[in-house]
Amino acid sequence: MQGKNATGLHAELIEVLTPLRRYCYSLTGNPYDADDLLQDTLERLLERGAPGDADIRKWAFRVCRNRWIDEMRSRNVRTAQDIDELPDAAIFDGEAAVEGHIELSQAEEAIASLALEFREVLMLVAVEGMKYKEAAELIGIPVGTVMSRLARARHQLTEYGSSDGDNGVRGESAKVVPIKRGGK
């Protein structure tokens with residue numbers, strides 16, 4: 001193992017485990033491949049270690065992304081899993097819980113509909129809270145490209161939500177009156 005000692009690396013990996021799992025899911029699109037990718041990433045990190053001066057979060061995300069690229073290159077055909085096959089985190093009673101589950105399913109469906117490059121940037125910046133520069137370094141693209149992909153992802157999510165024939169006006173937003181500018 002290079003750089004960090006085993007005990008220190010284990011402790012740091014435990015702290016980054018949840019965000020790394022979410023990132024795996026954002027790359028793979030299904031929980032089964034995400035679990036496999038997470039395991040593969042952790043095995044690689046524990047086997048090869050990390051440089052002593054490395055930020056383990058950034059290092060783990062980079063290793064994860066590289067492992068996924070390697071996996072995609074080695075596959076001929078990828079079978080996609082339906083987002084509905086995700087296990088429920090918990091089962092609740094009540095109308096609010098049902099509505100929340102429906103909204104969560106719709107959000108997951110909308111995010112899953114994004115192209116990988118948009119979904120990846122959205123998850124890193126919006127969900128994981130990375131700065132544009134951090135995400136750009138991780139993915140290996142310019143900061144401007146991160147900003148562009150994030151804007152396009154957000155736009156596509158907005159379009160996805162308004163694609164049911166109501167001209168983009170849904171729910172509470174239907175009550176909003178547009179402000180007229182310049183006396184027109």
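Axes are lines fitted to C-alpha atoms, for helices over the stretch in contact, and angles between N-to-C directions run from 0 to 180 degrees. Helices (H or I, at least four residues) and strands (E, at least two) are DSSP runs numbered from the N terminus. The structure is a predicted model, in which local features need pLDDT of at least 70 and side-chain atom pairs count only at pLDDT 80 or more, while totals for chains, interfaces and linings use all residues. Residues are numbered from 1 along each chain as its sequence is written, and side-chain values use heavy atoms, with hydrogens and water left out.

The chain contains seven helices and two strands, in the order β-α-α-β-α-α-α-α-α from the N terminus. Of its 184 residues, 30% count as buried (under 20% relative accessible area, with a 1.4 Å probe and protein chains only). Contact means heavy atoms within 4.5 Å. Among contacts between residues at least 6 apart in sequence, 64% join residues at least 24 apart.

The axes of helix α2 (residues 31-48) and helix α3 (residues 56-74) come within 9 Å and cross at roughly 120°. The two helices are therefore oblique to each other, a class for angles that are not roughly parallel (under 35 degrees), roughly antiparallel (over 145) or roughly perpendicular (65 to 115). Asp33, Leu37, Asp40, Thr41, Arg44 and Leu45 of α2 make the contact with Trp59, Ala60, Val63, Cys64, Arg67 and Trp68 of α3. By class, these residues are seven nonpolar, one polar and four charged. Ala, Val, Leu, Ile, Met, Phe, Trp, Tyr, Cys and Pro count as nonpolar, Asp, Glu, Lys and Arg as charged, and the others, Gly among them, as polar.

Helix α6 (residues 132-139) packs against helix α7 (residues 143-161) at an angle of about 105°, with the axes 8 Å apart. This makes α6 roughly perpendicular to α7. Tyr132, Lys133, Ala135, Ala136 and Ile139 in α6 meet Val143, Val146, Met147, Arg149 and Leu150 in α7.

A nonpolar core is a set of buried Ala, Val, Leu, Ile, Met, Phe, Trp, Tyr and Cys residues joined through side-chain atoms within 4.5 Å. The largest has 34 residues, and those with the most contacts inside it are Tyr23, Phe61, Cys64, Leu124 and Val146. Two or more residues come from each of α1 (6-28), α2, α3, α5, α6 and α7, and α1 gives the largest share, eight residues. Leu124 is also among the buried residues of helix α5 (residues 116-127).

Methods: Buried < 20%, exposed > 50% of the residue type's maximum accessible area, 1.4 Å probe, protein only.
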